[in-house]
Amino acid sequence: MNGQYASLLIAIPLLSAFFVPLIKGLGKRAIKSYVLMITAIQTGIAAWVFKEVYSTGKPIIVIAGGWKPPVGINLYIGYFAALFILIVAVVSFLMAVFNFKAVTIEPIDKYAMLFLLLMLGATGMIATGDIFNLFVFMEITAITAYALTAYNKTGEAAEASLKYMILGGIGSSFFLIGVALIYGATGTLNMAQIAQLAGHINPTVAQVGLALIIFGLAVEAELFPLNAWAPDAYQAAPHPVTAMFSAFVVKAGLYAMARVLYLMSSVGTWHNVLKLLVVMATLTVVVAEFSALRQRNVKRMIAYSSISQVGLIALAFALGTQAGVDAGVFQMVNHAIIKVLLFLGVGYVAVQLGGADIENFRGLGRKMPATAFGITIGAMAAVGVPLFNIFWSKLRIILATLQVGYTWAAFLVLAASVVEAVYYFRLVHAIWFEGEGERVGESVPLVIIMIALAILVIAIGIYPNYAWSISQKAGADIFNVAQYIKNVPLMGVGA
Amino acid sequence: MISVYYFGSIALVLIGLYGVLVKKNVLKMLIGLSIMETGVNLLLISIGYIYGRSAPILSEGIGPNQAVDPIPQALVLTAIVIGVATTAMALSVAIILYQRYGTLNVEEIRRLRG
Amino acid sequence: MVSILKRGLAIIILLVIGYWLAQGLSGVPFGQDKMLVGQYYLNHVKQQTGAVNAVTAVVVNYRGFDTLGEVTVLFIASTGVGALLWGKNRKRTARTEGSVVLTTGTRLLVPFVILFGAYIFIHGHLTPGGGFPGGATIATAFLLLYMAFTMYEIPYKAFEKTEGIVGMGYVVVGLIGLAIGGYFLFDWIWQTWGWGHNNIGRLFSGGFIPVIYTIIGIKVGTELSGIIDNMLKEEVKE
């Protein structure tokens, strides 16, 4: 098949979301099955794209409308995008299974549309090769996320959504000002051409524009001053949506940030922006870890832990070295796996026992042994115990940090792991050694998913080389801008 | 010295941001956000402006060298629609907030939740 | 006291941001020709797309992918508003009927407002305007009806279905492009079939731009009317 068919990754979710109003009369179960089917198809296409990109070693460039970049918009599906589009599709598929248990609030048809469009938005953000198109997909993701955050229609949910919206609105305005500045300086919106011209533009304009774009993306990427919405939204959103937020929405923001950052790496004042990002990232880690310690609600606690790990990824990206980017991508993959596992487990407990409060987790080992097992594996992995997957990516991040000479940052990662260990082991202790309880029935498909994810966690933990080599390729895709420019078939407009 | 249009758009962005940061009423905060968006749109349009040229509609004697840059105008069209969508979502969230708490004052909403 | 402090702090932050933005903008000269890709569009727009209005050509054809996203954003807004304001038994609760001027004016104007909206989106490739303003104009016709008559309701189920169908229509137009020309959102009407090449500057030209703008116009009109409908209705307890 022709590479242009990768545009189906965008077309299929859109088409199927528009189709939902026509089948809304068929009932809840039918709509949920429909979503499951579409996500399965999406996974199939994503797997084909992944295979194509990794076996040929060449990125797929989708050219919309047949206009060669920079005249038209192109999608760039290289090593990184192929890997993460697959992760987005797989996670959506798993959460579509979880939807059957977790989402009962009406109107399901609207939920289904928003669910599919959230997947679409993240896919687009990861795939696009045009900076304004990135903005459009970012807004698709963000507006869907606002709606899904408030979907439960409680006061807390509405409040969380409002917080998210206000920060997101400020962020998107800043992003657009940044785009305007960069457009004014280069006359183009295509990422590859911007990278080509970046060295020649006025360094002040480039610095201000880049900082504004980073600032705008920091809302989606949950970096410190702009992540106040995240814990509230994670707690209030429907459980499958929380897992999606943590597994790929934030990742799409982080990726976009890293991509734009490295595109501009030939700008003279680039290192100032890196320093700004290092400070933001470390503050994110510290603030989130200490907030997590105080939480009584397990879902919120894991939300804070997710934010702190996202801070680690941002730190790795902000180092400005190949090793750092590789480690960051590796951490992104691992983090996506364990956070899906944890949020799935915790969400399922909340559905079955009526709430994610720590009280409900006492004696979980007796009430829901399989789920308890899944959460335990996830918790151990999140802390960074050896022989679990996060151990390796944290190690890589520490090594990369030491290489650049940020000893304090490496120390910080270790300290964060200690804090993380405290609250995760408190949770594990509550699950296995406290409380009593009757056995509660567990759903077979969800147990299968949790066990499969747990096996994946341990498999990567014991044999990290394969995942690491994929992450290295994906990392090089972000870091090696010269190759990126060469891969995009720019037609000679202007430059 | 920066141009009047740049100055105006920065001023609009800052006025909007002031509204978002300081005002306590949810609706006023949302109006602030809209003002910010307007400022950004004005900025985009003024970046595309070129002295002495007319709108990029190439009929009746306007050639390719007598028109301003069409791209920022296309971007603004998109940005406006996105702004409308955000505002609509925000207003419906405000409706829910009012139904649940009976107020739109942010500080009181925070107090009510406790 | 606290609020004065807060305001002061906010103003200081704003001044810093403003200074910083001004510094960035001073490197982008105002009113000078900075076009790169823009000039390419202006030079080739007539032959390549058949549209006279370069902005429209950029929006629908060259950067059509953005517009697909934009349509999606509006769809999300209408879906999201519908999801958040959902209720089992939602009705209009307005009591006051519009004044004589309003009701008479509405009766007279509604068809013309809709006609004007349709005119705007059909002529998007020739004149300023297009699907979004046209659709918004159509929605104002429904808003007028809502204001004038307390009992009026749009057929929202039909509107919802229309919304979905025309949305699919847009994607299908793109997919036909993929099948015929090999690229998603390829303008097959202008580039493969070559329709309207002698007609530049008149209505039957512009390739698929009028088709897409008609789709967008209908979609935006139904979506905005749907949002109005959702926001005006309230849950009624029997």
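This is a predicted model: local features need pLDDT of at least 70, side-chain atom pairs count only at pLDDT 80 or more; totals for chains, interfaces and linings use all residues.
**Entry 1: chain C**

Of its 238 residues, 49% count as buried. I then looked up the secondary structure and found nine helices and two strands in chain C. Following the sequence, I read the order of these elements as α-α-α-α-β-α-α-α-α-α-β.

I next turned to the dimensions of chain C. The C-alpha trace spans about 60 × 55 × 35 Å along its principal axes. I noted a radius of gyration of 23 Å for chain C, whereas a compact globule of 238 residues would have one near 18 Å. I also looked at how far along the sequence the contacts of chain C reach. Taking contacts between residues at least 6 apart, I found that 73% join residues at least 24 apart.

**Entry 2: where chain C meets chain B**

I asked how many residues of chain C are in contact with chain B. The contact involves 45 residues of chain C and 38 residues of chain B. On the chain C side, the elements that give two or more residues are α1 (2–25), α2 (37–49), α3 (54–62), α4 (64–84) and α9 (209–232). I sorted this side of chain C by class and recorded 29 nonpolar, nine polar and seven charged residues.

**Entry 3: one residue of chain B**

I selected Pro72(B), which has its place in helix α3 (residues 70–101) of chain B. Is Pro72(B) buried or exposed? I counted 25 C-beta neighbours inside 10 Å; because the cut-off for a buried residue is 20 or more, Pro72(B) counts as buried. Leaving aside neighbours within four places in sequence, I found Pro72(B) in contact with Leu44(B), Ile45(B), Ile47(B) and Gly48(B). I also looked up the separation of Pro72(B) from Arg110(B), which lies 38 residues away along the chain. Their C-alpha atoms are 40 Å apart.

**Entry 4: chain A as a whole**

I moved to chain A, whose secondary structure comes to 20 helices and two strands. Its radius of gyration is 21 Å, close to the 23 Å from the globule rule for 495 residues, so chain A is as compact as a globular protein of that length. I noted that the C-alpha trace of chain A spans about 70 × 60 × 45 Å along its principal axes. Of the 495 residues of chain A, 68% count as buried. Among contacts in chain A between residues at least 6 apart in sequence, I found that 81% join residues at least 24 apart.

**Entry 5: the strands of chain A**

I examined strand β1 (residues 60–63) of chain A and found both of its faces covered. Ile60(A) and Val62(A) are buried on one side, and Ile61(A) and Ile63(A) are buried on the other. I then asked in which sense β1(A) pairs with strand β2 (residues 74–77) of chain A. The pairing is antiparallel and runs over four bridges. Within β2(A), I identified Tyr76(A) as the bridge partner of Ile61(A).

**Entry 6: the nonpolar core**

Which residues touch the most other members of the largest nonpolar core? I found that Ile77(A) and Ile85(A) do so, in a core of 334 residues. Helix α3 (residues 79–102) of chain A contributes the largest share of this core, 20 residues. I listed what Ile77(A) touches, not counting residues up to four places away in sequence. The list holds Ala6(A), Val49(A), Val53(A), Pro59(A), Ile60(A), Val62(A), Ala82(A), Ile85(A) and Ala127(A). As background, I noted that nonpolar side chains tend to be buried together in soluble globular proteins.

Technical notes:
Residues are numbered from 1 along each chain as its sequence is written. Chains are lettered from A and ligands numbered from 1 in the order in which they are written. A nonpolar core is a set of buried Ala, Val, Leu, Ile, Met, Phe, Trp, Tyr and Cys residues joined through C-beta atoms within 7 Å. A residue is buried if 20 or more other C-beta atoms lie within 10 Å of its own, exposed if 12 or fewer, and partly exposed in between; C-beta atoms are placed from the backbone. Two residues are in contact if their C-beta atoms, placed from the backbone, lie within 7 Å. Ala, Val, Leu, Ile, Met, Phe, Trp, Tyr, Cys and Pro count as nonpolar, Asp, Glu, Lys and Arg as charged, and the others, Gly among them, as polar. Two strands pair if DSSP finds at least two bridges between them. The radius of gyration is taken over C-alpha atoms; the globule rule is 2.2 Å times the number of residues to the power 0.38.
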